[in-house]
Amino acid sequence: MALNLTEIERVKTLSRKDFLDRYVKPQKPVVIEQLTADWPAYTKWHLEYIRDIAGDRTVPLYDDRPVSYKEGFNEAHATMKMSEYIDLLKSRPTNYRIFLYNLMKEVPMLKDDFRWPNIGLRLVRQLPMLFFGGENSRVFMHFDIDYSNILHFHFHGKKRCVLFAPDQTKYLYKVPHALISREDIDFDNPDFSKWPALAKAQGYVCELNHGEMLYMPEGYWHYMKYLTPGFSMSLRAFPRHIGNLSKALYNVTIMRYFDNLMRRWKGQAWIDYKNEEAVRRTNAIA
């Protein structure tokens, strides 16, 4: 039995008004296929190009190991030269990913390769983050700490994206004081006998190809799997809904510091408690 997923609507192009009226206001995801067609990045942004211009940079790497009390918030698991990492991506599957890396700060010429889209959102004009992953590498089901509206662009290959709206949180075994669901859930092949609430969840799915953009509304859960080696870029706009803005402020100013404090104080017992609570609370509600 598979997750109950609906294919995300796809359009080739979209006017500013239609994007706002049909997707942003109702908070509905969409894939825009040709938004980057006139960007230099559309022809240039492949792994070989990144290797050529950024190969000497040392980059942080993350794998799919469970969260540990010994690690800080978003602490990297390893480092590697970008050239070595891209050689690894091209040679074989790997769990190593680059997560929220400001490569454009390190290599400013990349800023000339993309355009800030005039699509109706007030995008945060800081340098966008890049994400890299190897074949079959996965990003845990999570939502973003700042509840942003996200424009997620993919380059070089294919990426599978599974989304759930915030109102589906009650079925997703959310870990308290965190932004993730239980990390031992396989969202490719979920075990409904172990995670029965997941059978009630209704979500969305798409495969992103080179140059395509996925709009993820604010607070949406997302699980990503790199079907081939590739990389992505996200542009963000602050939440439009006041309730989500207040949740974002709480996450940034209180939640993550409280969680780090409890990890240092309680150690693994804190992680175990949160995972047990995720199951108890979800099964009690769902």
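**The second largest pocket**

Modeller: The second largest pocket is lined by 18 residues, and Lys174, Val175, Pro176, His177 and Arg281 are those nearest its centre. Two elements give two or more residues each to this lining, α6 (242-266) and α7 (268-285); helices are DSSP runs of H or I with at least four residues, numbered from the N terminus. The model is predicted: local features need pLDDT of at least 70 and side-chain atom pairs pLDDT 80 or more, while totals for chains, interfaces and linings use all residues. Residues are numbered from 1 along each chain as its sequence is written, and side-chain values use heavy atoms, without hydrogens or water.

A pocket is an open set of points on a 1 Å grid over the protein atoms alone, with protein on both sides within 12 Å along at least five of seven lines; lining residues have an atom within 4 Å of a point. The volume here is about 310 Å³, meaning the space filled by probe spheres (1.4 Å) set on points joined across faces, edges and corners. By class, the lining has ten nonpolar, four polar and four charged residues; Ala, Val, Leu, Ile, Met, Phe, Trp, Tyr, Cys and Pro count as nonpolar, Asp, Glu, Lys and Arg as charged, and the others, Gly among them, as polar.

The axes of α6 and α7 come within 6 Å and cross at roughly 125° (lines fitted to C-alpha atoms over the stretch in contact, with angles from 0 to 180 degrees between N-to-C directions). Therefore α6 is oblique to α7, the class left after under 35 degrees (roughly parallel), over 145 (roughly antiparallel) and 65 to 115 (roughly perpendicular). Phe258, Asp259, Met262, Arg263 and Lys266 of α6 meet Gln268, Ala269, Trp270, Ile271 and Lys274 of α7, with contact meaning heavy atoms within 4.5 Å.
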